[in-house]
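Hi,

Here is the structure for you to look through. Please open it first, then read my notes on its pockets.

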Amino acid sequence: MVAELNHWVGGASFTGDSQRQAPVYDPATGQVTKQVRLASTADVEAAVAAASAAFPAWRDTSLSKRQSILFAFRELLNSRQGELAEIITSEHGKVLSDAGGEIARGQEVVEFACGIPHLLKGSYTENASTKVDLHSIRQPLGVVGIISPFNFPAMVPMWFFPIAIACGNTVVLKPSEKDPSAALWLAALWREAGLPDGVFNVVNGDKEAVDALLTHPEVRSASFVGSTPIARYVFETATSHGKRVQALGGAKNHMIVLPDADLDLAADAAVNAGFGSAGERCMAISALVVVEPVADELVAKISERVAELVTGDGRRGCDMGPLVTREHRDKVSGYVEAGEKAGAKLVVDGRTVEANGEADGFWLGPTLFDNVTPEMTVYTDEIFGPVLSVVRVQSYDEALTLANQHPYGNGAAIFTNDGGAARRFENEIEAGMVGINVPIPVPMAYYSFGGWKNSLFGDQHAHGMEGVNFFTRGKVVTTRWLDPSHGGINLGFPQNS
Ligand code: NAD
């Protein structure tokens with residue numbers, strides 16, 4: 001009998017009435033370690049009801065009090081992040097140091113949200129018209145829904161919920177059913193930090209739970225992160241039910257290397273960004289576009305580095321862990337097979353990896369393709385695994401056109417020592433996050449995270465001021481304190497005087 005994972009509703013573990021469950025694996029052993037409940041529509045309704053009940057009091061809780069709870073949450077997370085990292089590694093498979101990195105990036109958003117009194121300041125205009133003043137305020141939406149992917153079980157929910165809560169909303173989070181324990185652990189931490197019951201709720205589940213959230217009349221918004229087809233579906237479903245939506249989708253991030261770049265630094269960056277977290281990052285580099293004549297030299301440097309990487313159990317000090325599930329590993333292996341069949345040159349074949357881990361782990365080693373051409377599926381599709389494809393081009397213009405024609409536009413990077421070329425790239429590339437000699441340009445919490453094209457549906461990116469705007473509604477108040485001089489009848493449209 002393995003442990004059963006419940007939901008978290010109203011400040012306590014909640015079983016619900018659904019009989020459906022899904023297995024949760026340890027990807028490094030291939031064993032089922034838990035069973036997670038998959039919420040029914042009624043279970044989601046219970047979570048929304050708890051969040052709705054908690055909203056009026058939380059909305060009216062002073063900013064100082066909300067801020068003090070956020071600070072307490074930050075302190076608790078700092079002191080216990082090791083526990084959370086182990087949970088992430090045991091269900092996602094990423095190596096422990098990488099799990100720690102994801103927590104640190106999520107913690108930055110908590111720290112940003114600690115400044116909520118400043119972030120929610122409105123503006124005031126005295127005497128906009130004679131003896132008439134104006135001021136603006138931002139108010140919370142109510143119950144907000146967050147639906148997150150498997151690849152960052154702590155960081156992605158933390159892109160949203162610290163700001164949502166700080167702004168006075170109450171939250172229902174639906175984490176990935178592949179690695180749900182991090183969300184439950186974070187829920188218990190909120191309770192310890194003093195967050196009132198019902199402000200933060202977790203429903204575990206699949207499509208049924210997501211649909212229930214997206215169509216529930218009391219849920220005001222949906223923040224989604226996941227693959228592009230589901231992001232599009234979430235956007236269309238939730239907007240047609242009157243909600244505001246930010247739906248972040250998939251990616252195929254290009255790294256362009258110009259001939260003048262430092263090739264050692266470029267090779268380091270390509271390996272780190274291509275194979276970190278086994279390529280299961282939405283900001284992973286998967287298309288390496290090299291402007292000739294340096295491709296031979298760069299590919300040689302990358303393969304030397306890849307040969308040194310150790311794939312294995314994330315708890316054993318390896319460089320790269322397993323993939324999240326057997327099905328996903330097999331899907332990525334299928335792409336390797338397809339690339340080979342299509343005529344790409346397989347420089348390093350991850351299918352033959354000897355992993356430092358149990359035989360049944362979901363292993364696939366780093367894989368490097370050269371001479372990839374734009375019609376091959378290893379180039380067109382988001383693979384979401386440790387597969388790096390080198391595309392050789394003759395000029396900067398050819399590289400830029402390639403990247404701009406790709407339907408995804410999450411991140412893009414250029415490696416060069418030419419400031420003019422870098423400046424041109426910054427101006428011309430069609431992607432939401434751009435790196436100049438930085439391969440994974442994930443913005444800090446006080447900027448916003450989000451892509452262009454098929455990488456984002458909706459207009460507000462995650463965190464930063466866009467996050468504050470997303471989780472609040474603006475109101476402008478016009479005030480006149482009446483005195484006898486204001487009397488008289490005038491049916492005309494009010495004008496300034
Ligand atoms: P996914 O789309 O399979 O799942 C994401 C969420 O949607 C999960 O909570 C899942 O339970 C739910 N879901 C799955 N199928 C559904 C359906 N038919 N209807 C409604 N909900 C459904 O994504 P994943 O495999 O968990 O995560 C990997 C994907 O997420 C990649 O495409 C990656 O690029 C993307 N991602 C994007 C960003 C970004 O910032 N743009 C960040 C992280 C991950």
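How many nonpolar, polar and charged residues does the lining of the second largest pocket have? The lining has six nonpolar, 12 polar and two charged residues. Keep in mind that this is a predicted model.

Here is the rest on that pocket. The second largest pocket has a volume of about 560 Å³. It is lined by 20 residues. Closest to its centre are Arg480, Asn490, Pro494, Gln495 and Ser497. Three strands each supply at least two lining residues: S6 (124–129), S7 (132–140) and S23 (472–480).

Now the largest pocket. Its space comes to about 840 Å³. Its lining counts 35 residues, and those closest to the centre are Pro149, Lys178, Gly226, Ser227 and Ile230.

Which element gives the most to the lining of the largest pocket? That is H8, with four residues.

By class, the lining of the largest pocket has 17 nonpolar, 10 polar and eight charged residues.

Then look for Arg480, one of the residues closest to the centre of the second largest pocket.

Best wishes

Definitions and conventions: Residues numbered from 1 in each chain as written. Predicted model: local features only at pLDDT ≥ 70, side-chain atom pairs only at ≥ 80, totals over all residues. Heavy atoms only, no water. 1 Å grid on protein atoms, 1.4 Å probe; cavity = no way out; pocket = protein on both sides within 12 Å on 5 of 7 lines; lining within 4 Å. Points joined across faces, edges and corners; volume = space filled by probe spheres on them. Nonpolar A, V, L, I, M, F, W, Y, C, P; charged D, E, K, R; others polar.
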